[in-house]
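The following report concerns a single protein model and is intended to be read beside its sequence and coordinates.

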Amino acid sequence: MACLVALMTTLVWAAAAGSGFQLISLQAKTYTSSSSFPAASPELVINHKTNQLSLNTAGNVHITLLAGPKSNMMSFRVDELTNPEIRIAKGSRLTLNIVNVDDDMQHDFSITTPPPPYPAEAAAGAIVTPKLLPYKGRRYSGAVLILQAAAVGTAYYICSVPGHAHAGMYGKITILP
Ligand SMILES: [Cu+2]
């Protein structure tokens with residue numbers, strides 16, 4: 001019994017030590033207008049110079065990522081930043097609203113641990129949304145990912161559609177102490 005408990009403790013630790021994130025929920029969501037995309041938490045600090053989005057105190061953090069914007073279809077756009085580094089504090093609950101705004105390509109969003117560069121067939125991490133369909137007929141496909149920032153560390157968000165992470169569709173996500 002003690003042995004089993006020890007094993008289970010190890011497994012839980014291993015899950016947290018991977019990306020540092022634990023998945024709380026994942027839901028599909030569609031929008032009929034870009035004006036209805038969810039707003040980001042106003043307390044997030046946007047730094048255009050360092051291309052970082054950060055919140056140093058633990059709490060509920062909301063971020064909206066647009067996949068495949070016109071300006072660079074192989075990127076995620078967050079509040080005018082392209083593929084920003086997202087920095088949040090350990091213990092935060094992170095709600096990521098991912099919306100595909102691309103009208104001719106599908107995208108997804110995954111959290112993984114291997115750093116770039118990525119091969120053409122970049123593998124999705126343990127946390128991944130379904131493929132989000134291109135924008136069509138006033139219908140934006142999205143996903144709402146709710147994550148717990150459980151352990152300090154560095155992970156990466158990527159689009160795991162073949163060729164996309166390879167072409168630069170990724171960013172860093174850091175959990176601060
Ligand atoms: Cu993509």
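## Salt bridges

Arg87 is partly exposed, at a relative accessible area of 23%; here buried means under 20% relative accessible area, exposed over 50%, and partly exposed in between (1.4 Å probe, protein chains only). Arg87 forms a salt bridge with Glu85, with 3.1 Å between the closest N and O atoms, and Glu85 is buried at 13%. A salt bridge is taken as a side-chain nitrogen of Lys or Arg within 4 Å of a carboxyl oxygen of Asp or Glu. The model is a predicted one, in which local features need pLDDT of at least 70 and side-chain atom pairs count only at pLDDT 80 or more, while totals for chains, interfaces and linings use all residues. Residues are numbered from 1 along each chain as its sequence is written, and side-chain values use heavy atoms, with hydrogens and water left out.

The salt bridges number three by this rule. In another of them, Asp108 pairs with Lys131, the closest N and O atoms lying 3.3 Å apart. This pair links distant parts of the chain, 23 residues apart: Asp108 belongs to the loop between β8 and β9, and Lys131 to the loop between β10 and β11 (140-149). Strands are DSSP runs (E, at least two residues; helices are H or I, at least four), numbered from the N terminus. Asp108 is buried at 0% relative accessibility, whereas Lys131 is partly exposed at 40%.

Asp103 and Lys70 form a salt bridge as well, at 3.2 Å between the closest N and O atoms. Asp103 lies in the loop between β8 (93-100) and β9 (110-112), and Lys70 in the loop between β4 (60-67) and β5 (76-78), 33 residues apart. Lys70 is exposed at 65%; Asp103 is partly exposed at 42%.

## Copper site

The copper ion has His107 (ND1), Cys159 (SG), His164 (ND1) and Met169 (SD) as protein donors, at 2.0 to 2.8 Å. Donors are N, O and S atoms within 2.8 Å of the metal (3.2 Å for Na, K and Ca); water is not among the atoms, so sites may look incomplete. Along the chain the donors follow the spacing H-x51-C-x4-H-x4-M. Both Cys159 and His164 are buried.

The arrangement is tetrahedral because the four donor atoms subtend angles of 87 to 133° around the copper ion, the criterion for four donors being that all angles lie between 85 and 135 degrees.

## Sheet

Seven strands make up an open sheet of mixed pairing, in the order β2-β3-β7-β13-β12-β9-β10. At its edges stand β2 (45-47) and β10 (127-128), each with a single partner strand, so one side of each lacks a neighbour in the sheet. Strands pair if DSSP finds at least two bridges between them. β2 and β3 (residues 52-55) are antiparallel, with three bridges; Val45 has Ser54 in β3 as its bridge partner.

Note on methods:
Four donors count as tetrahedral if all angles lie between 85 and 135 degrees; four count as square planar and six as octahedral if opposite donors are over 155 degrees apart and all others between 65 and 115; anything else is irregular.
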